[in-house]
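Morning, everyone. Please have a look at the model on the screen, and then we'll walk through it.

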Amino acid sequence: MRLLLLALVVAALTVGSSGCRTLAQEEDLSDQATKARLEAVLRGRLDLDLKYVSVDVNSGTATISGLVPNGDQFQIIRRLAAGVKGVDQVLNNLIIQE
C-alpha cells in the first residue's frame, strides 16, 4: 500500500513538473505577435479613442500613427506601447486633435 501511494505521488509530481515547463515556454516575440499584443492592450482600454490610430511593428520598433483627441490619450498610448513585451522602441507619430 505504501509503495502504491509513493508511486502515485511520484507520478503526480512528474506530471506536475512537466506542466510547469510548458508554462515557462518563451513568449512569441515576432513582430506579428508583438503587434497583436499591443493592439490587444490598446483595445482593452475603453477610455481610449482609437478610431484614427494605427499600429505597426517592425524589428521590435512599434510605430503608432493617427489622431487622438487629447494629450492624456497621447501619453497613455505611448506608455502602454512601451510596456508591451517585444517592443524595444516606440515611434509615436500621433497627432493631438485640438
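Which backbone nitrogen does the side chain of Asn92 reach? The backbone nitrogen of Leu94, at 3.0 Å. That is a polar contact: a pair of N or O atoms within 3.5 Å, where within protein one must be able to donate a hydrogen and the other to accept it, and residues adjacent in sequence count only if both atoms are side-chain atoms.

A word on where this comes from. This is a predicted model, where local features need pLDDT of at least 70 and side-chain atom pairs count only at pLDDT 80 or more, while totals for chains, interfaces and linings use all residues. Residues are numbered from 1 along each chain as its sequence is written, and side-chain values use heavy atoms, with hydrogens and water left out.

Now the layout. The protein has three helices and three strands. From the N terminus, the order is α-α-β-β-α-β. Helices (H or I, at least four residues) and strands (E, at least two) are DSSP runs, numbered from the N terminus.

Back to Asn92. Asn92 lies in strand S3. Leaving out residues up to four places away in sequence, Asn92 touches Ile64, Phe74 and Arg78. Touching, or contact, means heavy atoms within 4.5 Å. Ser65 is 27 residues away along the chain, yet the two C-alpha atoms are separated by 6.5 Å.

What stands opposite Ser65 in S3? Asn93 does. Strands S2 (residues 61-68) and S3 (residues 89-96) pair in the parallel sense, over eight bridges. Pairing takes at least two bridges found by DSSP.

Next, helix H3, residues 71-82. S2, H3 and S3 make a right-handed β-α-β unit. Right-handed means this: with the strands pointing away from the viewer, the path from the first strand over the helix to the second runs clockwise. At the start of H3, a side-chain oxygen of Asn70 comes within 3.1 Å of the backbone nitrogen of Asp72.

Which way does H3 pack? Its buried residues (under 20% relative accessible area, 1.4 Å probe, protein chains only) include Phe74, Ile77 and Leu80. The buried residues of H3 pack against H2, S2 and S3.

Last, the core. The largest nonpolar core has 17 residues. Such a core is a set of buried Ala, Val, Leu, Ile, Met, Phe, Trp, Tyr and Cys residues joined through side-chain atoms within 4.5 Å. H3 gives the largest share, five residues. Ile77 is among those with the most contacts inside this core. Beyond its neighbours within four places in sequence, Ile77 contacts Leu42, Leu48, Leu50, Ile64, Val68 and Leu94.

Definitions and conventions:
Buried < 20%, exposed > 50% of the residue type's maximum accessible area, 1.4 Å probe, protein only.
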